[in-house]
Amino acid sequence: MQIYINGTGCISPQETAQGGPLLATPREYEQVRLATVDPDYKQWIDVKQIRRMSRVVKMGVGAANLSLEAAGITAPDAIITGTAYGCLDDTGVFLTKMVNQQEEMLTPTAFIQSTHNTVAGQIALLLGCNGYNNTFVHRGFSFENALLDAIMILKEGSAQHILAGGVDEITNHSHQLLSRFGLYKKTPVKTMELLNSPSRGTIAGEGAAFFTLGITKQPGAVAELSGVSTLYKPLWEGEVIGHIMKFLEDNNCTPADIDLIVTGRNGDIDQDEIYEEVADALFPEHAEASFKHLCGEYPTAASFGVWMANAIIAQQEVPEAAAFFGKAPEKIKKVLIYNHHQGTHHSLVLLTAC
Amino acid sequence: MADLKAQIIEQLNLQEVAPDSIGNDQPLFTKEGLGLDSIDALELIVLLQQHYNIRIANPEEGPKIFHSVRTMAVYITENQTVKA
């Protein structure tokens, strides 16, 4: 059974919500924290409802709507999201009020909006969708597990169209905390030079990318979601390479069948090493594109990578801003997205042109 | 009442609503009025506690108290007078 990506939507630090050619005018930053370029959310959300929504909820609702519009679907049968951090901003508001007000006179809005499944819930409320609604909160696998759940439900036959996506935000507070772990560069780097910066740390990012998946091909579909796989805490690079080989075998292909690899390089010399080793072992001559210099690093950043890969298949061209190595063949049929988050959460997504 | 309107706007995060645009007798919870909902009602109860130290003892009085800005202001005045 084929699973088609019938529509996509993305809100990111690039102008991805506007439509048009992929990364035609890439935004270049020189900072260690990238924020989303927000569209006018009032086109999808009533003013009375938008006042209770934090940025991450608006991002999710916006990307979900873009995806459904692209697919020509008004009511999906299920909504599945993946988020590692959830609605951090409202969680912070609620906890701060709890402390400051000594657990007295707490307002309901921040509490209601602070749960991880608020995004999926708000999308369902706006669409009037009473179907299956689930949110995966599995750190660097949150988005991938949302996709896996969607694939299983579609294969079971209990849904025709599923809206699945990944969303995460960064707040001042979370950025401060994560900075203390040494995750980010000490000094700002130009984003277009990030992947060649010879230092530790990366740049923080955020965003939302949604996909309308279905078992029937809609007119806007350009790719099938052929496979998704995850690998947790591999002991050494050989385990990753073996896992990729097995994944390709399971999907009836070999490295030679892959036209383009899209990697989650993030400019951290320690974390990018594995991409070099995988490319040397399996894809030495393959064209490679990257995406984290465009969207920043966050646990569900792979959703941006999948969104970009789908757009590359649609355009049959790798935009200059995303190209990392080599030149893609004229016909881009199979794209392998290989990403890892902090060296522990490795994932593979295979897209095939349809 | 101008202060109360500003507090309501802040508490409920009523974007694009100016204090002057809320009529003193405009219903708060009908579509023809401000169109507030049950979550807003809870927020308004918290507002009375936070700003005026007033607790609503009888929930059945809620619809009457929160009918409009004027009814809220009257309730605040009466209860603050009692407290004083």
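1. In this predicted model, helices α2(A) and α5(A) lie oblique to each other. The reason is the angle at which α2(A) and α5(A) pack, about 50°, because angles under 35 degrees would count as roughly parallel and those of 65 to 115 as roughly perpendicular. The axes of α2(A) and α5(A) are 9 Å apart, and their crossing is right-handed.

2. Which residues make this contact? From α2(A) come A:Val56, A:Val57, A:Gly60, A:Val61 and A:Ala64. From α5(A), which spans residues 118-127, come A:Thr118, A:Val119, A:Gln122, A:Ile123 and A:Leu126.

3. Helix α3 of chain A runs over residues 88-100 and has 13 residues. From its first C-alpha to its last, α3(A) reaches 18 Å, close to the 18 Å expected at 1.5 Å a residue. Just after α3(A), A:Gln102 adopts a positive phi of about 50°.

4. Which residues of α3(A) are buried? They are A:Leu88, A:Asp89, A:Asp90, A:Thr91 and A:Phe94. The elements covering these buried residues include α2 (55-71), α4 (108-112) and α7 (172-180) of chain A.

5. An unreviewed UniProt entry carries the annotation "domain: Beta-ketoacyl synthase-like N-terminal" for residues 44-211 of chain A. Over residues 44-211, the chain is 43% helix and 14% strand. The end C-alpha atoms of this stretch are 17 Å apart.

Notes: Residues numbered from 1 in each chain as written. Chains lettered and ligands numbered in written order. Predicted model: local features only at pLDDT ≥ 70, side-chain atom pairs only at ≥ 80, totals over all residues. UniProt positions renumbered as here; feature names shortened; annotations may be inferred. Helix = DSSP H or I, 4+ residues; strand = E, 2+ residues; numbered from the N terminus. Expected span 1.5 Å × (residues − 1). Buried ≥ 20, exposed ≤ 12 C-beta atoms within 10 Å, placed from the backbone. Contact = placed C-beta atoms within 7 Å. Axes fitted to C-alpha atoms, helices over the stretch in contact; angles between N-to-C directions. Parallel < 35°, antiparallel > 145°, perpendicular 65-115°, else oblique. Left-handed = near helix turned anticlockwise from the far one by under 90°.
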